[in-house]
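Please look at the sequence and the model below before reading on.

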Protein chains: 2
Amino acid sequence: MKKPASKPHFAEIARDLTEGIAAGRYPVGSVLPGELELCDLYDTSRHTIRAALNELQQLGLVSRKKNAGTRVESATPRNDFRPSLGSLEDLVQFGSTNVRVVQSIEPTTVKGALAKTLGCFNGTDWLRISSLRVDSATQKPVGWTDVYVDPQYDEIADRVRAAPDTLISTLIEKRYGRRVAEIRQVVRAILIPPPTAAALQVDAASAGLEILRQYFDAAGQMFEASITVHPADRFAVAMTLQRSAP
Amino acid sequence: MKKPASKPHFAEIARDLTEGIAAGRYPVGSVLPGELELCDLYDTSRHTIRAALNELQQLGLVSRKKNAGTRVESATPRNDFRPSLGSLEDLVQFGSTNVRVVQSIEPTTVKGALAKTLGCFNGTDWLRISSLRVDSATQKPVGWTDVYVDPQYDEIADRVRAAPDTLISTLIEKRYGRRVAEIRQVVRAILIPPPTAAALQVDAASAGLEILRQYFDAAGQMFEASITVHPADRFAVAMTLQRSAP
DNA sequence: CAATCTATTATGTCCGGACATATATTGCAA
DNA sequence: TTGCAATATATGTCCGGACATAATAGATTG
């Protein structure tokens, strides 16, 4: 009955359960057997079962609640790849490589196409913080950023100027306690518009990278958004994905 | 001595260790105390210590080896944000929205600037698979892709044509068993070169998104690379990041 | 001196128990 | 019927032990 399994026991069980979920034996939305039942099923200890279930949870296959049991959330082992080094700072390529030089901080009313791209209602009031990102080595501008924050957070203006290497979302979190729970990011290619091109010291018809970021709190409310334009030859978005389960 | 800690014990320990790493008490590259020592230090069981260390490992702060102990890898709690839905297919926006139309499959010798961007030696031989991605709804081309694979995999040509909605890396894995362990991706903005512009049915001087992907196996060997060019107004790279620890 | 064998030592896996805690259900009372 | 309290039940946390396994360092041998 017992195979001379080379793999650890909990990994075998995790594999079996994953297979069962993929095969539809445990359909999405259903609740799979309790831990003690699984102990009985696989003839092992609860500790081992939990280690196996932990794997499934890590893979995003199941969610677990105190009395409701472990619910099957997805049939396919999503997050097959995950970013290996991907703090937000790394992603944005912030920090030591370049600093923020604030150009202007003023309240504005967002309407029309801009409102649509930002994902807010027409005529919403925001505080716009425009800044230039300058590479500390070459002294050349690497990006123009318009950050839109809730106008009630106007007191962060000083801090934004004082801490040129800190994310504005971090400043808001420290000052007002509103915490970012989710970030949506869209990367597009554009032809850099003339005024921005001048600020970035590039030709008018050159290509650029436009990055839109939306910051949401735990309630799903967007309280910050930013649009960044980078010259094509001075910036790239890089990321590394690694397979989760070897 | 005992605080009325509301948080679980192992979480407190994880927090403390994270703090110690961030503060430099445990510098990057150093090896922090063994599990039994930590048991003594925090006056707890090995199980709890391991749960805490597990958190740090999950956050990418430490790596662990059989006899060398747990090594500090990074000072900042990276992966503070993780992609919420991020299978590779989602990221690439593959699948039902558009299909691959193969234009040519032929062996080439990569040299000069191309070799440099692809990240291989000058004069390396590859099998180049050029294809057009066409949106199934509008019938307009949304991207031009040059995939470079090891020329020994020339038998996949048929499969590439036969399965227009499957990743080429997946085809290689199924046919030859060589498995992708890591993917590096770089997104840049470019001006679309004339021949590509013609194929994509856009103006010559328009902006486009260039995506370079490199596929590595477990040994760190690159065995596939691809360069994709998308018209600026027909494609964007979107991703959602969610905070890991609420 | 080099190569090989052998302890030593760290993490990895696993056991079987205990109590805590959050949630769902049930039962009782207004 | 509605609202609240008691109970049941699932996962969460934690203990203290055991043996396995891999990597290192030391001892042994050619």
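## A glycine in a loop

In chain B, the loop between α3 (46-58) and β2 (62-65) contains B:Gly60. Helices (H or I, at least four residues) and strands (E, at least two) are DSSP runs, numbered from the N terminus. B:Gly60 counts as partly exposed because 19 other C-beta atoms lie within 10 Å; a residue is buried at 20 or more such atoms within 10 Å of its own, exposed at 12 or fewer, and partly exposed in between, with C-beta atoms placed from the backbone. B:Ala75 is 15 residues from B:Gly60 in sequence, and their C-alpha atoms are 9.5 Å apart in space.

## Basis of the model

The model is predicted: local features need pLDDT of at least 70 and side-chain atom pairs count only at pLDDT 80 or more, while totals for chains, interfaces and linings use all residues. Residues are numbered from 1 along each chain as its sequence is written, and chains are lettered from A and ligands numbered from 1 in the order in which they are written.

At least two residues each are supplied by α1 (9-23) and α3 (46-58) of chain A and by β3 (69-72) of chain B. The most, four residues, come from α3(A). By class, the surface has four nonpolar, 10 polar and six charged residues. Nonpolar covers Ala, Val, Leu, Ile, Met, Phe, Trp, Tyr, Cys and Pro, charged covers Asp, Glu, Lys and Arg, and polar covers the others, Gly among them.

## The surface near DNA strand D

Around DNA strand D there are 20 residues, and A:Glu35, B:His9, B:Phe10, B:Ser45 and B:Thr48 are the closest. Two or more residues each come from β3 (69-72) of chain A and from α1 (9-23) and α3 of chain B. The largest share, four residues, belongs to α3(B). This surface divides into four nonpolar, 10 polar and six charged residues.

## Paired strands in chain B

Strands β5 (residues 98-110) and β6 (residues 124-135) of chain B pair in the antiparallel sense over 12 bridges; pairing requires at least two DSSP bridges between two strands. Within β6(B), B:Ser131 stands opposite B:Val102.

Eight bridges also join β6(B) to the antiparallel strand β7 (residues 141-149) of chain B, where B:Val147 stands opposite B:Ile129. β6(B) and β7(B) form a hairpin with five residues between them, and B:Gln139 in the turn has a positive phi of about 65°.

Technical notes: A residue is near a molecule or strand if its C-beta atom, placed from the backbone, lies within 6 Å of it.
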